[in-house]
Amino acid sequence: MKKIRLIMTIVFLTIIINESPAQQRSFGLGVIIGEPTGLSAKLWTSQTTAFYFGIGLSLCGDRISCYDGYNDGSIRVHLHFDYLLHQYNAIGSTEEFPICYEVGG
């Protein structure tokens, strides 16, 4: 029940937050919904490069056991960090449709 409340709160907050394209700002904050659940952020360093990072909590322990319906009661922390390179002219179009290359762990 607590997990459902948490998910509903995150969805509600996501809906009421005004949309603002991250490219117009140097920092963007997001929500990771699913397994794990957490926060993500993107920090633009130039017009074409950015750092993307996040932290999430897995509430049912081992991911494989979680999908099998088994919950061992442990909590795991997931961290990720990527360096992004956006290429805006890769596809000939009148709209901006960037291709994104990333390296990280």
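This is a short talk that walks through one predicted protein chain, from its overall layout down to a few residues.

Okay, some housekeeping to start. Residues are numbered from 1 along each chain as its sequence is written, and side-chain values use heavy atoms, with hydrogens and water left out. Since this is a predicted model, local features need pLDDT of at least 70 and side-chain atom pairs count only at pLDDT 80 or more, while totals for chains, interfaces and linings use all residues.

Let's take the overall layout. The chain has 2 helices and 5 strands; helices here are DSSP runs of H or I with at least four residues, strands are runs of E with at least two, and both are numbered from the N terminus.

How much of the chain is buried? Of its 105 residues, 20% are. Buried means under 20% relative accessible area, exposed means over 50%, and partly exposed is in between, with a 1.4 Å probe and protein chains only. The accessible surface comes to about 8,000 Å², and 61% of that belongs to carbon and sulfur atoms; those areas come from the Shrake-Rupley method with a 1.4 Å probe, and for residues only the protein chains shown count as cover. As for contacts, meaning heavy atoms within 4.5 Å, take those in the chain with a separation of 6 or more: residues 24 or more positions apart account for 30% of them.

Now the sheet. It's an open one of 5 strands, in the order β1-β2-β3-β4-β5, and the pairing is antiparallel. At the edges sit β1 (27-32) and β5 (99-104), each pairing on one side only. On average, neighbouring strands are turned by 25 degrees against each other, direction ignored. For that angle, axes are lines fitted to C-alpha atoms (for helices, over the stretch in contact), and angles run from 0 to 180 degrees between N-to-C directions. What does pairing take? DSSP has to find at least two bridges between the two strands. In general, strands of a sheet pair through backbone hydrogen bonds, either parallel or antiparallel.

Let's go across it strand by strand. β1 and β2 are antiparallel, with 6 bridges, and F27 stands opposite L43 in β2. Their hairpin has 4 residues between the strands, and there G34 takes a positive phi near 130 degrees.

Next over, 8 bridges join β2 (residues 37-44) to β3 (residues 49-58), again antiparallel. A41 stands opposite F53 in β3, and this hairpin has 4 residues between its strands. Then β3 is joined to β4 (residues 76-87) by 10 bridges, also antiparallel, with A50 opposite L84 in β4.

Let's zoom in on S40, in strand β2. Buried or exposed? S40 is buried, because its relative accessibility is 10%. Leaving aside its neighbours within four places in sequence, S40 touches G28, L29, G30, V31, I32, Y52, F53 and G54.

T49 is another one to look at, and this residue belongs to strand β3. Its relative accessibility is 11%, so T49 counts as buried. Which side chains does the T49 side chain make polar contacts with? One is that of T45, at 2.6 Å, and another is that of S46, at 2.7 Å. A polar contact is a pair of N or O atoms within 3.5 Å; within protein, one must be able to donate a hydrogen and the other to accept it, and residues adjacent in sequence count only if both atoms are side-chain atoms. Skipping neighbours within four places in sequence, T49 is in contact with W44, Y83, L84 and L85.

Quick stop at L59, in the loop between β3 and α2 (63-67). L59 is partly exposed, because its relative accessibility is 33%. Its C-alpha atom is separated by 8.5 Å from that of T37, 22 residues apart along the chain.

Last topic, the rings. There are 3 aromatic pairs in the whole structure. Rings of Phe, Tyr and Trp (its six-membered ring) pair if their centres lie within 6.5 Å; planes under 30 degrees apart are stacked, over 60 edge-to-face, and the rest tilted. Why is the pair of F51 and F81 stacked? The ring centres are 5.5 Å apart and the planes are at 25 degrees, so the pair counts as stacked. The pair links distant parts of the chain, with F51 in strand β3 and F81 in strand β4, 30 residues apart. F51 is partly exposed at 28% relative accessibility, and F81 is partly exposed at 45%. Ring pairs link F51, F53, F81 and Y83 into a cluster.
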